[in-house]
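Here is a short report on a protein model.

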Amino acid sequence: MFDFTEEQKTMRKMLRRWVEAELVPHVDALESEAMLPYEPMRKLLRTFGADDMARAAIAKLEKRVASGSEGTAPRDDEGEDGGGMMRDPALGAIISIEFSRVSPGFAMAVGASLGLCGGAIMRRGTLAQKKRFALPVLTGEKIGAWAITEPGAGSDAFGGMTTVARRVDGGYLLRGGKTFISNAPHADVFLIYAKMDHGEQPLRQRPIHAFVVERGAEGMTLGKPMKKMGMWASPTGEILLEDVFVPADQLLGEREKEPSREGARDVFHGERTGIVPMCFGIIERCLEVSIAYARQRRTWDKTIGEYQLVQAKIARMFVHLQNVRNLLFKSLWMQQNKVPLTMGEASSMKAYCAPAATEVAMEAVQILGGNGYMREYRVEQLARDAKLLQIGGGPTRSSS
């Protein structure tokens, strides 16, 4: 796969028209937190029928169970982890690209709810969990959050995790804390990872499981939205768990003998490769703005695009765009052909793309000079937002 199909290109044009009509006018409100990202997300789902696709996916799973072709907890093996909307991975990439050209924070809020939370439940949950928790998230009725990061466990997310789940009559008690969780201040459904407190192993070696926790659970405290450098359109917060009771049927998959560590690693893979289309959108937009500005901005009776230094900057930006594009289509090809992605491959994609997007956005600010530092041209926002892509999902070393 080296390019989008004609059908996918048409979809991209349709989505760009939607973004220009429904998202661009609200960017300032999203950036100032005067508007939350969830109503535009719901409008998107309704406009493109993704909510109906989610319902159809659940109905299909119910029929498979009723026919006896599946057990009571069917796993999704047909790429429907997004409730049908993401059956074509290229479509998910197109959505991320178009959102990230305008508001990477909006892309992150949507991805955390639909992909990380809703998608994980669709992949690993029982049919009952998919119907009760994933479906409302995938239709936009409820907002999802995926919680694994802790104050003392960032890059060492699994080994350093200290949140524990202790088995009690009828379920589990969760104790610990999570931080930097997208959508946490406003989420309704939380997928929280914790280590089983059996006491027979050192904490670092204990099995990890995911638990579905609903907003309002006794003992769960949600912090206020954090103030951040960028990604202002994506609410982020902390979660405090003080002996939160979780019924046994809210253990993801209801299989205590099957730890969720591998499932969490799969989501990490998805998070890291999911950064690639976001980087592509940021780079593509910054390059477009820089070229347009270089053609019209004049100094000493010449356009700045005639100066070799500016040409060199734009050439490097274009090279980054081509490299990220190649990694994007490699990832899409692997997903379409069900070729397993190794941790090294997923990490290397992030390691290149995130610093590239940050560099390009900062260079766009530099090319536009004083105008680039102002909000009118938006590149300063893209520069602030791009920086998080080097941190989230595992930090990368800044490029030299």
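Helix H5 (residues 89-102) and helix H9 (residues 308-336) have axes that come within 9 Å and cross at roughly 150 degrees. H5 is therefore roughly antiparallel to H9 (angles under 35 degrees count as roughly parallel, over 145 as roughly antiparallel, 65 to 115 as roughly perpendicular and the rest as oblique). Axes here are lines fitted to C-alpha atoms, for helices over the stretch in contact, with angles from 0 to 180 degrees between N-to-C directions. H5 makes the contact (heavy atoms within 4.5 Å) through Pro 89, Ala 90, Ala 93 and Ile 97. H9 supplies Leu 328, Leu 332, Gln 335 and Gln 336. By class, the contact has six nonpolar, two polar and no charged residues. Ala, Val, Leu, Ile, Met, Phe, Trp, Tyr, Cys and Pro count as nonpolar, Asp, Glu, Lys and Arg as charged, and the others, Gly among them, as polar.

The model is predicted: local features need pLDDT of at least 70, side-chain atom pairs count only at pLDDT 80 or more, and totals for chains, interfaces and linings use all residues. Residues are numbered from 1 along each chain as its sequence is written, and side-chain values use heavy atoms, leaving out hydrogens and water.

The protein has twelve helices and nine strands. These are DSSP runs numbered from the N terminus: helices are H or I with at least four residues, strands E with at least two. Of its 400 residues, 52% are buried (under 20% relative accessible area; exposed is over 50%, partly exposed in between, with a 1.4 Å probe and protein chains only).

Strand E4 (residues 189-196) is largely enclosed by the rest of the structure, because eight of its eight residues are buried. Its pairings follow; two strands pair if DSSP finds at least two bridges between them.

| Strand paired with E4 | Sense | Bridges |
|---|---|---|
| E1 (residues 144-147) | parallel | four bridges |
| E2 (residues 164-168) | parallel | two bridges |
| E5 (residues 208-214) | antiparallel | seven bridges |

Val 189 in E4 stands opposite Gly 144. Val 189 also has a bridge partner in E5, Glu 214. Met 196 in E4 is the bridge partner of Ala 165.

How many disulfides does the structure hold? It holds zero, a disulfide being a pair of cysteine sulfur atoms within 2.5 Å. The sulfur closest to that of Cys 353 among cysteines is in Cys 279, 5.3 Å away and so too far for a bond. Cys 353 is buried, at a relative accessible area of 0%. Cys 117 also counts as buried, because its relative accessibility is 0%.
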